[in-house]
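These are my notebook entries on a single model, taken up one topic at a time. Each entry sets out what I looked up and what I found.

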Amino acid sequence: MKPMGSQALQFICLKEEQNSGQEEMYGKTYTQAELKEMEDISTRYKRCLDEGKTERECVEVAERLAEEAGYRSLCAYKAAGETLKEGDKVYASFMGKMILLFQIGKEPLENGMNILGAHIDSPRIDIKQNPLYETDEMAYLDTHYYGGIKKYQWLATPLSLHGVIVKKDGTKVRVNIGENENDPVFVITDLLVHLAGKQMSQKASEVVEGDNLDLLIGSRPLTEAEGLDKEEKEAVKAGVLRLLAETYGIGEEDFTSAELEIVPAGKARDCGIDRSMLYPMDRMTECVRLLLYLQCSIIRRSAVLHAASS
């Protein structure tokens, strides 16, 4: 994860002016009002990063921000029997993983429209459909990585688990573990430095193989007093399954209809002693485009923001 400067938003969000109270930055001059606007956008941007770590969460964030900006869902228009007209702002989402925000302009659609695209997926690690296993008295979730990740960056760092599980009865369970300060976090294990002589001499692409990115999820065995079957040989796995049943009401078979993603745990933070940067930079383009698109007022040509997995 690389830090992303708050000033990276300036080239889109701010206009150069010449008046009192100016400050020079990167060879350009900005007023105090413009700098405040930049900081306000940075604060909103960090909130987007915190609340939208998966595609589904990004869509939820976009829907909320759109409604706050005066957008209405297409379903609401259809239910009311209304026809779209100049100035209307409407959004539609599909399967909770894609969203389109339309703003109807002054000109008819026959004259064309402006289209702004943004992807709401990012490099991550996904949980497989039959993932839970025990080895060496440790319980893990089997994984496969998505996108072009630097695999070594995901080792021995706090991770969180996000997603949804659809149970056999059709009910949907939302999962978000590792973001609350009272939550546990997860890790992908790494070698101790005094055991990593060979590893330290390898190329970065070979430090860890994709098949070894499994998530450590537990190590406490279930006891017979807690209900462990005497014939059960995988007591740690049994303990994890018991916790899942008690906390979420799900069983091992429910993983087959789950969509779970591993992402870095924690909130976006200011970076640098002068707070001039942000960490991390995930979803820079879609968050910025969404925030700026929602600021548009009455426009000449109709426009649409299309946010989906790339």
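**Entry 1. Glu34 and helix H2**

In which helix is Glu34 found? I am working from a predicted model, and in it I located Glu34 in helix H2, which covers residues 32–51. I then looked up its accessibility. Glu34 counts as buried because its relative accessibility is 6%, and the cut-off for that class is under 20%. I next asked what its side chain reaches. I found the backbone nitrogen of Thr31, at 3.0 Å from the side chain of Glu34.

**Entry 2. Helix H3**

I turned to H3, which spans residues 55–68 and has 14 residues. From first C-alpha to last I noted a reach of 20 Å, close to the 20 Å expected at 1.5 Å a residue. Which residues of H3 are buried? I listed Glu55, Glu57, Cys58, Val59, Val61, Ala62, Leu65 and Ala66. I kept in mind that residues three or four places apart in an α-helix point the same way, because there are 3.6 residues a turn. Just after H3, I found Gly70 with a positive phi of about 100°.

**Entry 3. The open sheet**

I traced an open sheet of five strands and recorded the order S4-S5-S6-S16-S7, with mixed pairing. Which are its edge strands? They are S4 (72–73) and S7 (113–119), each of which pairs on one side only. I then followed S4 to its partner S5, residues 89–94: the two run parallel and are joined by two bridges. Opposite Ser73 I found Tyr91 of S5.

**Entry 4. Hairpin of S10 and S11**

In what sense do S10 and S11 pair, parallel or antiparallel? I noted antiparallel pairing over six bridges. The two strands form a hairpin with five residues between them, and Gly170 in the turn has a positive phi of about 95°. Across the pairing, Leu161 stands opposite Ile177 in S11.

I then sorted the residues of S11 by face. Val173, Val175 and Ile177 make up the covered face, whereas Lys172, Arg174 and Asn176 make up the uncovered one. I set this beside the general rule that side chains in a regular strand alternate between the two faces of the sheet.

Asn176 is classed as partly exposed because its relative accessible area is 33%. I also checked Asn176 against Leu260, which is 84 residues apart from it along the chain. I read a separation of 9.4 Å between their C-alpha atoms.

**Entry 5. Aromatic rings and charges**

How many aromatic pairs does a search of the whole structure find? I found one. The pair is Tyr133 and Tyr140, and I class it as stacked because the planes lie at 20°, with the ring centres 5.6 Å apart. I then compared the two residues by accessibility class. Tyr133 counts as partly exposed, at 28% relative accessibility, whereas Tyr140 is buried, with a relative accessible area of 14%.

I next looked for charged ends over rings. The charged end of Arg72 sits over the ring of Tyr77, 4.3 Å from the ring centre. I noted that the charged end of Arg124 sits over the ring of Tyr146, 3.9 Å from the ring centre.

**Entry 6. Cysteines**

How many disulfides does the structure hold? I recorded zero. I then looked up the accessibility of two cysteines. Cys48 counts as buried, at 6% relative accessibility. Cys75 is exposed, with a relative accessible area of 61%.

I looked up backbone angles last, since most residues other than glycine have a negative phi. Ala156 has a positive phi, near 50°. I placed Ala156 in the loop between S9 (138–146) and S10 (159–166). Is Ala156 buried or exposed? I class Ala156 as exposed because its relative accessible area is 56%.

I found a positive phi at Arg275 as well, near 55°. Arg275 lies in the loop between S14 (269–271) and S15 (277–279). With a relative accessible area of 55%, Arg275 is exposed, the cut-off for that class being over 50%.

Key:
Residues are numbered from 1 along each chain as its sequence is written. This is a predicted model: local features need pLDDT of at least 70, side-chain atom pairs count only at pLDDT 80 or more; totals for chains, interfaces and linings use all residues. Side-chain values use heavy atoms; hydrogens and water are left out. Helices (H or I, at least four residues) and strands (E, at least two) are DSSP runs, numbered from the N terminus. The expected span of a helix is 1.5 Å times one less than its number of residues. Buried means under 20% relative accessible area, exposed over 50%, partly exposed in between (1.4 Å probe, protein chains only). A polar contact is a pair of N or O atoms within 3.5 Å; within protein, one must be able to donate a hydrogen and the other to accept it, and residues adjacent in sequence count only if both atoms are side-chain atoms. Rings of Phe, Tyr and Trp (its six-membered ring) pair if their centres lie within 6.5 Å; planes under 30 degrees apart count as stacked, over 60 as edge-to-face and the rest as tilted. A charge sits over a ring if NZ of Lys or CZ of Arg is within 6 Å of the ring centre and within 35 degrees of the ring normal. A disulfide is a pair of cysteine sulfur atoms within 2.5 Å. Two strands pair if DSSP finds at least two bridges between them.
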